[in-house]
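These are my notes from going through the model, kept in the order in which I looked things up.

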Amino acid sequence: MPKEEINNLALRRALYYPAAEIYSNSPSGFWEFADAGEKIRRKIVDLWRKELVEKEGFMEIFGAQILPEDVFKASGHLASFSDPIVQCKKCNSLHRADVLIADKTRGVVPESLATSELDALIRKHGIECPKCKGKEFHEVKKFNMMMKVDIGATGNQVSYLRPETCQSIFLDFKRVYRTMANSLPLGIAQAGSSFRNEIAPRNTLLRQREFGQMEIEIFFNPHRINEIENFSEVENFKLNLFLLKEKGVKKISCKEAVEKKLVSGKLIAYCLARVQEFYKKLNISEEKMRFRQLGNDERAFYAAETWDFEVETDLGWIELMACNYRTDYDLKGHAKQSRQEMIVTDNNEKVLPHVFELSAGIDRAFYVALDLAFRKEKRGPEERVFLDLPVRIAPYIAGIFPLVKKDGLLEKATGIFRQLNSYDFDVLFEEKASIGKRYAKTDEIGVPFAITIDYDTMKDNTVTLRERNSMQQKRVKIDSLAEALWHLKTGKKSFEKI
Ligand SMILES: [Zn+2]
């Protein structure tokens with residue numbers, strides 16, 4: 001769906017909107033989420049937690065957002081975490097050099113190109129300043145994206161807002177290993193905010209300065225990368241692999257990917273299969289997803305093998321998760337800088353664990369879920385907009401609507417709301433406006449069902465259960481409502497079978 005449609009809906013229903021929007025000079029790249037938006041976002045994280053963390057027996061942490069300078073000396077971020085920027089000589093505006101070139105040539109420009117190579121490309125393609133159309137630029141410079149914070153009254157404890165959530169996972173590895181695991185492989189996960197001083201935040205939630213990440217670091221013994229207990233579960237699972245130097249996606253089984261050495265081992269193929277299954281639960285179809293293999297010049301500075309999980313949308317292919325084989329880069333760096341031992345014993349072998357990382361964007365998944373769910377239907381003279389969100393990430397499972405407020409209907413509806421709420425269902429109570437307007441509002445934020453309490457309810461204790469997509473309605477006994485919703489929520493039964 002065009003991003004204007006999605007952004008209009010987002011603003012109309014406060015799904016997301018600019019931070020500090022009442023001040024005209026607020027910096028861009030910061031966003032807020034209200035009610036339905038916040039709930040959808042949280043449920044995406046809950047789904048990730050259920051499917052990729054808890055199901056695998058991984059641990060979860062909640063780390064600090066501000067970490068001392070030494071951490072980022074060790075991680076390499078202070079030296080290497082930078083974007084190439086270029087300034088227009090005429091209007092002084094700043095731009096990402098690689099983005100300017102990519103926009104003009106419609107190709108991929110690796111961030112890692114040397115500044116002199118970028119200078120040459122800017123001249124070669126006659127790049128113009130997007131602001132003033134000027135053609136003269138200063139030389140390309142590297143700009144570090146870390147956000148600095150001074151801690152304490154003297155300000156001499158230099159710290160930084162984390163640019164990725166995973167650093168505290170590496171810092172916490174030893175403690176979690178010793179206290180909770182004592183064996184490899186060990187997966188540690190974290191969901192939270194990260195911060196990058198982007199020069200040009202754009203496309204709303206897709207490039208922000210503060211953004212949500214859900215990351216999993218899997219620590220393993222590199223000599224045992226092929227000893228994966230559950231590999232038989234996925235060996236015939238077909239991965240959508242977009243290999244380097246290939247024109248399109250190939251469906252390749254996990255077994256074949258390992259045998260042909262397309263991946264470094266079974267552990268990696270296993271993880272990719274789980275990732276692909278996870279994103280299918282967000283209603284991303286097989287044809288619109290792929291793992292893009294990254295070449296040497298495209299990978300992040302710490303990665304030996306990278307697969308970007310991408311989804312095709314109206315804005316082109318969007319990366320939702322980077323799957324990085326980080327080797328022992330991180331533990332080795334922190335061991336050296338902190339002078340702490342990171343070696344553990346696995347299978348009677350002293351080993352510095354390697355790491356395979358699943359690094360996903362929360363807000364990107366949120367945006368893509370909206371993009372894929374957006375529906376606009378003509379119904380006679382009227383137009384209907386609704387979000388076809390999967391039940392598991394819908395903000396509420398049902399709206400509860402008394403047809404009118406009089407004759408005891410309001411009290412009856414309130415009772416049903418309280419009951420369903422006590423059973424842990426996310427339900428929305430709305431008694432204002434016409435019933436049609438209430439349906440329209442909940443359709444737009446993706447609520448899959450509506451429960452209407454009318455005069456028949458007062459006679460026979462049944463309600464109308466309406467399905468969002470088909471707008472079909474059926475009568476259901478109040479006593480069996482909770483069970484019906486549970487079946488619909490867990491996918492055990494379809495609406496037709498209720
Ligand atoms: Zn300019």
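Which residue in E25 does Ala450 stand opposite? I found that Ala450 faces Arg466 in E25. I keep in mind that this is a predicted model, in which local features need pLDDT of at least 70 and side-chain atom pairs count only at pLDDT 80 or more, while totals for chains, interfaces and linings use all residues. My residue numbers start from 1 along each chain as its sequence is written.

**Sheet**

I then looked at the strands themselves: E24 (residues 449–453) and E25 (residues 462–467) run antiparallel and are joined by 4 bridges. The open sheet has 5 strands in the order E23-E22-E24-E25-E26, with mixed pairing. On average, neighbouring strands here are turned by 30° against each other, direction ignored.

**Helices on the sheet**

I noted that helix H13 (residues 409–422) lies across strand E22 (398–402), E23 and E24, at about 160° to E22. Helix H14 (residues 435–444) also packs on the sheet, where H14 touches E22, E23 and E24 and makes about 170° with the direction of E22. Contact here requires C-beta atoms, placed from the backbone, within 7 Å; the axes are lines fitted to C-alpha atoms, for helices over the stretch in contact, with angles from 0 to 180 degrees between N-to-C directions.

**Lys441**

Within helix H14 I picked out Lys441. Lys441 is partly exposed, with 17 other C-beta atoms within 10 Å (20 or more would be buried, 12 or fewer exposed, and C-beta atoms are placed from the backbone). I also checked Arg13, which is 428 residues from Lys441 along the chain, and their C-alpha atoms are separated by 8.4 Å.

**H7 and H11**

How do the axes of helix H7 (residues 166–181) and helix H11 (residues 329–338) cross? They come within 10 Å and cross at roughly 75°, and H7 and H11 are therefore roughly perpendicular to each other (65 to 115 degrees; under 35 is roughly parallel, over 145 roughly antiparallel, the rest oblique). Phe170, Leu171 and Phe173 in H7 meet Asp330, Leu331 and His334 in H11.

Definitions and conventions:
Pairing = 2+ DSSP bridges. Helix = DSSP H or I, 4+ residues; strand = E, 2+ residues; numbered from the N terminus. Contact = placed C-beta atoms within 7 Å.
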